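Subject: Structure for your study

Dear colleague,

Please find the structure below. I would ask you to keep it open while you read the notes that come after it.

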Number of protein chains: 2
Amino acid sequence: MEQLYGYRWNTSRNSHSYMNHSQTLIRLAIADDHQIVIDGLCAALKNFSHISISATGTDGNALLQSISEKPIDILLTDVMMPHIGGVELALEVKKKYPEVKIIALSMSGSGTLVEEMMGKAAIEGYLLKHCGIEELILAIEKVHAGGQYFQTTVLDELSKHLQLKKQTSDIRLTQREKEIISLMEKGCSNKEIAEGLFISVRTVETHRKNIFRKTGTNTVLTLVKWAYEHKIL
Amino acid sequence: MEQLYGYRWNTSRNSHSYMNHSQTLIRLAIADDHQIVIDGLCAALKNFSHISISATGTDGNALLQSISEKPIDILLTDVMMPHIGGVELALEVKKKYPEVKIIALSMSGSGTLVEEMMGKAAIEGYLLKHCGIEELILAIEKVHAGGQYFQTTVLDELSKHLQLKKQTSDIRLTQREKEIISLMEKGCSNKEIAEGLFISVRTVETHRKNIFRKTGTNTVLTLVKWAYEHKIL
DNA sequence: TATAAAATACCCTGAAGAGGGTATTATTTG
DNA sequence: CAAATAATACCCTCTTCAGGGTATTTTATA
């Protein structure tokens with residue numbers, strides 16, 4: 001537990017040798033909606049002379065502006081951010097600057113987000129904030145060298161999520177059915193739904209029946225829970 | 001937007017004068033379940049010579065162990081942490097070392113947590129991670145000087161929460177009623193609830209009726225939503 | 001101990017829902 | 001164009017539930 005005392009990265013930097021791998025300067029941009037995280041990362045990365053921070057920003061727009069003026073090699077970005085989320089930012093950066101590598105640094109590692117970041121934006125790395133600075137450096141170096149770095153826990157979450165998604169996609173709810181589910185979620189009765197959609201109560205009853213059958217539920221409550229779990233709502 | 005470039009705290013430290021206030025050494029402990037945040041904070045705080053980091057930990061137990069060996073003045077702790085949460089940690093620290101001041105550094109600032117930290121553990125400060133390093137330093141100095149530091153947004157959230165709580169406390173649900181709500185939330189029918197609690201269906205119906213009346217709801221779904229909002233579930 | 005609050009139980013009514021059908025009319029897709 | 005899918009609509013039955021009562025016993029609490 002010697003790590004817990006003093007300046008952790010000092011001791012660890014002395015006992016490791018990150019800086020031997022490549023001495024080319026890596027120009028980094030950091031996006032995180034928490035200023036304290038940016039400040040902290042900057043301070044921590046200052047100790048590694050082969051990494052320079054070219055831009056930081058607490059929101060996507062500011063960061064996009066910055067990197068349009070100053071080129072970067074790698075973007076290190078949070079995923080859940082207000083206004084412009086990590087996914088949109090990554091997409092935009094990949095579109096404008098295809099040569100820029102992107103590493104996500106997120107709290108959650110929720111399957112949905114990971115899938116979006118990897119599937120839509122084709123990022124090169126995904127780290128959880130639980131990781132230490134050493135692992136971050138490792139990831140940056142690996143990605144900069146043309147590789148990838150994905151934490152195993154992240155990949156596990158992703159595969160779990162994809163599996164759940166596959167199960168859900170087997171259950172094919174129609175657009176109308178989803179519409180009706182969302183009205184049921186709001187607490188509407190069959191009559192109210194019928195009035196809202198300008199259709200007969202009988203039709204709503206049929207849809208309702210089909211929905212329950214497809215989802216394997218039999219009350220509004222369990223259905224709504226199912227819908228939340230499967231991201232219908 | 002000049003802040004976005006380079007090492008932000010460098011420029012700002014030059015243009016401010018944090019270190020003029022008190023030159024007594026402040027011994028700080030940091031608890032955060034994200035190692036990267038700890039690493040970052042340590043690196044950032046290293047630039048302030050009147051603050052020394054005596055202990056860090058990604059969970060409460062490790063940190064308690066550390067500070068039992070090395071005295072501290074201020075504990076800077078995250079609130080939502082696995083195993084031992086910020087509230088428990090703060091309580092324990094305040095109990096064992098009443099002279100230690102505590103500042104919470106949290107993501108959420110959700111009213112419930114703020115209330116617990118302030119009400120139960122009587123902490124001296126509460127910051128959101130959106131804040132920058134300057135504000136953190138300010139808070140540390142203020143608290144160390146015997147004062148308090150609570151961000152206005154945090155206080156706003158708290159008062160909103162206390163107001164909601166007051167409204168809820170006017171609605172007095174009995175223990176049995178809460179029990180029945182939680183069974184309703186699980187999707188149980190009146191019959192199932194009656195069997196589960198070894199009481200008559202009639203009794204369940206009565207409770208149900210009283211619950212709906214008290215909460216102003218009239219379906220299971222709206223009731224369950226109400227219960228979530230008011231933290232009954 | 002007196003009183004209030006909580007938990008128990010029953011009755012009745014009408015509306016709504018769950019579950020079982022069948023069937024016609026778009027609309028999409030191979 | 002033919003076949004499949006989606007959306008529409010109706011019928012019937014039986015159960016459950018919401019909402020309106022009243023009333024007894026147990027448990028706190030003043």
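The notes below concern its pockets.

This is a predicted model, in which local features need pLDDT of at least 70, side-chain atom pairs count only at pLDDT 80 or more, and totals for chains, interfaces and linings use all residues. Residues are numbered from 1 along each chain as its sequence is written, chains are lettered from A and ligands numbered from 1 in the order in which they are written, and side-chain values use heavy atoms, without hydrogens and water.

A pocket is an open set of points on a 1 Å grid over the protein atoms alone, where a 1.4 Å probe fits, with protein on both sides within 12 Å along at least five of seven lines; its lining residues have an atom within 4 Å of a point. A volume is the space filled by probe spheres set on the points, which are joined across faces, edges and corners.

The largest pocket has a volume of about 310 Å³. It is lined by 15 residues, and those closest to its centre are Lys165(B), Thr168(B), His230(B), Lys231(B) and Ile232(B). Five lining residues come from α7(B), the largest share. Domain 1 (2–163) and domain 2 (172–229) of chain B both contribute to this lining, so the pocket lies between them; the domain bounds come from an automatic or database domain assignment.

The second largest pocket holds about 260 Å³ of space. Among its 17 lining residues, Val220(A), Leu221(A), Thr219(B), Val220(B) and Leu221(B) are the closest to the centre. Two or more lining residues come from each of α11 (220–229) of chain A and α11 of chain B (helices are DSSP runs of H or I, at least four residues, numbered from the N terminus).

Yours sincerely
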